[in-house]
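Work through the exercises below with the sequence and the model open. Each task is followed by a solution in steps.

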Amino acid sequence: MATPKSLVSALYDHWDTVEWLAQLSREMPSFEAEHVLAVVARLAPAASPDQQQQTLRHLVNADILQAQPRGQSYQLNTYVLEFVRGLTREHELGLSAVLGSRINAITDATRKLNEGVQGRDMDLLRQSANKLSELFRQISQQLDGDRHAILELAERAKAQQTDMPIARRYREVLDAYDNYVAPMAAMMDSGPGGTFYRHLEQAEHALDNAVDVLTVQGALYTQRLALRHVAYQAKELRRLGREVLKHCSDTLLPLREEVRQHNVLSAAISALLGRVRKRGLNRSLPVSDLPLWRREMSRSVSVGAEVLTIMSEARAYAPVLVGFPEERAAGAMPALDLVDEQALTANLRAAMPVANLLDWLRAHYPHLNDATLLRLYHELIARNDWQAVQSGVASSVPLNTVRVTLYPHAIEAA
């Protein structure tokens with residue numbers, strides 16, 4: 001295992017490569033040597049093959065890339081991956097159960113704090129306050145990371161292909177709402193069923209009481225100041241919890257309602273109601289089509305000739321032997337689609353005004369695949385560096401494999 005000093009130095013020397021690998025780790029949990037060399041070659045096109053191999057060896061020796069126990073693939077170090085994602089706001093959505101267990105741990109720390117105040121045990125008081133401070137810090141960090149993760153999840157769902165079924169596009173959105181936002185809303189309920197505000201309020205009152213008791217007893221100023229800072233953390237955490245819950249709900253609830261409004265049942269009901277409104281109930285739903293009283297009749301069931309034919313064919317069935325395809329070599333895998341976004345932004349700024357952003361991207365970057373072009377299109381129109389104006393006339397832009405019909409955005413200087 002490499003020393004922390006050498007690992008930090010390697011991160012400084014090869015930050016661009018590590019950042020790209022951390023971004024690609026969402027889709028590829030492990031990397032072959034060819035994948036890492038492709039990233040290095042894309043970021044440093046002037047480097048020779050020996051220099052690229054040396055960069056790969058440097059990353060492995062610094063323990064940034066760890067070799068898998070079985071196979072020739074590499075994986076990013078867990079601590080490096082968390083560090084890079086934390087700096088680049090590339091968080092993964094956490095578990096509401098972990099947040100709930102940390103909130104429940106506040107009760108035990110608050111009880112020990114009260115015991116330390118009543119028994120005048122300064123060691124227990126200091127340990128309980130430090131425990132509460134650490135719990136507040138962990139909960140704040142998780143809430144902030146979950147907020148960024150939900151924002152990225154919603155942006156990723158919106159940026160997918162529009163011809164994809166909406167339930168499939170927003171599958172992660174529905175899972176995040178059901179498994180995170182809904183339990184989090186129940187947890188942060190201000191009523192008796194909620195635990196977030198109740199436990200934080202108890203901890204806040206216990207900390208304020210401890211500060212008052214230490215003031216009366218004449219404790220050191222540093223001890224009272226430490227407890228007062230922990231009480232400020234509790235107040236700030238209550239505000240952050242309300243803000244994160246509102247932000248997550250405002251982000252995911254419109255997408256969830258869009259999925260509900262576009263399912264098959266709602267579409268059929270809307271079509272039927274429209275037919276009733278235009279033609280009337282009697283012409284839209286004849287009496288013969290409505291279920292009425294009927295008399296059950298005894299029926300005999302027998303095997304038809306079709307079933308007998310199928311059974312005879314099944315008895316004479318002979319399996320067809322199919323050979324497994326040859327394993328594809330690692331070198332034949334498609335190259336990674338990386339984009340120099342700084343150069344692209346500079347080119348776009350120099351070409352302003354642009355009447356059709358997607359057409360401009362297709363003309364100037366024809367080597368990129370369709371998913372990358374659409375991702376860049378959505379990211380560029382959302383930036384504040386310039387003004388994006390949507391046209392009122394639809395146009396069709398042919399890409400590499402599909403043709404996109406949209407109301408294009410024009411890019412003008414701000």
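**Exercise 1.** Classify R111 as buried, partly exposed or exposed, and do likewise for its salt-bridge partner E115.

*Solution.* The model is predicted.
Step 1. R111 has a relative accessibility of 42%, so R111 is partly exposed.
Step 2. E115 stands at 39%, so E115 is partly exposed.
Step 3. In the salt bridge between R111 and E115, the closest N and O atoms are 2.9 Å apart.
Step 4. Both residues belong to helix 6, with a spacing of 4 residues, about one turn of the helix.

**Exercise 2.** Find the salt bridge that D108 forms, and name the network that D108 is part of.

*Solution.* 
Step 1. The partner of D108 is K112, and their closest N and O atoms are 3.7 Å apart.
Step 2. The cut-off for a salt bridge is 4 Å, so this pair qualifies.
Step 3. D108 and K112 are 4 residues apart in helix 6 (residues 96-119), about one turn of the helix.
Step 4. D108 is partly exposed at 34% relative accessibility, and K112 is partly exposed with a relative accessible area of 34%.
Step 5. Salt bridges link D108, R111, K112 and E115 in a network.

**Exercise 3.** Locate the salt bridge between R126 and D123, and state how many salt bridges the whole structure holds.

*Solution.* 
Step 1. R126 and D123 both lie in helix 7 (residues 122-158), 3 residues apart, about one turn of the helix.
Step 2. Their closest N and O atoms are 3.1 Å apart.
Step 3. R126 is partly exposed at 45%, and D123 is partly exposed at 42%.
Step 4. The search of the whole structure gives 11 salt bridges.

**Exercise 4.** Describe the largest nonpolar core and the contacts of F136.

*Solution.* 
Step 1. The largest nonpolar core consists of 33 residues; I106, L132, F136, I139, L143, L207 and L227 have the most contacts inside it.
Step 2. At least two residues of this core come from each of helix 6, helix 7, helix 9 (171-187), helix 10 (196-217) and helix 11 (221-261).
Step 3. Helix 11 gives the largest share, 9 residues.
Step 4. Beyond its neighbours within four places in sequence, F136 is in contact with I106, L200, A203, L207, V230, Q233, A234 and L237.
Step 5. Another core, of 25 residues, lies apart from this one and includes A22, L56, A62 and V84.

Notes
Residues numbered from 1 in each chain as written. Predicted model: local features only at pLDDT ≥ 70, side-chain atom pairs only at ≥ 80, totals over all residues. Heavy atoms only, no water. Salt bridge = Lys/Arg side-chain N within 4 Å of Asp/Glu carboxyl O. Buried < 20%, exposed > 50% of the residue type's maximum accessible area, 1.4 Å probe, protein only. Core = buried A, V, L, I, M, F, W, Y, C linked by side-chain atoms within 4.5 Å. Contact = heavy atoms within 4.5 Å.
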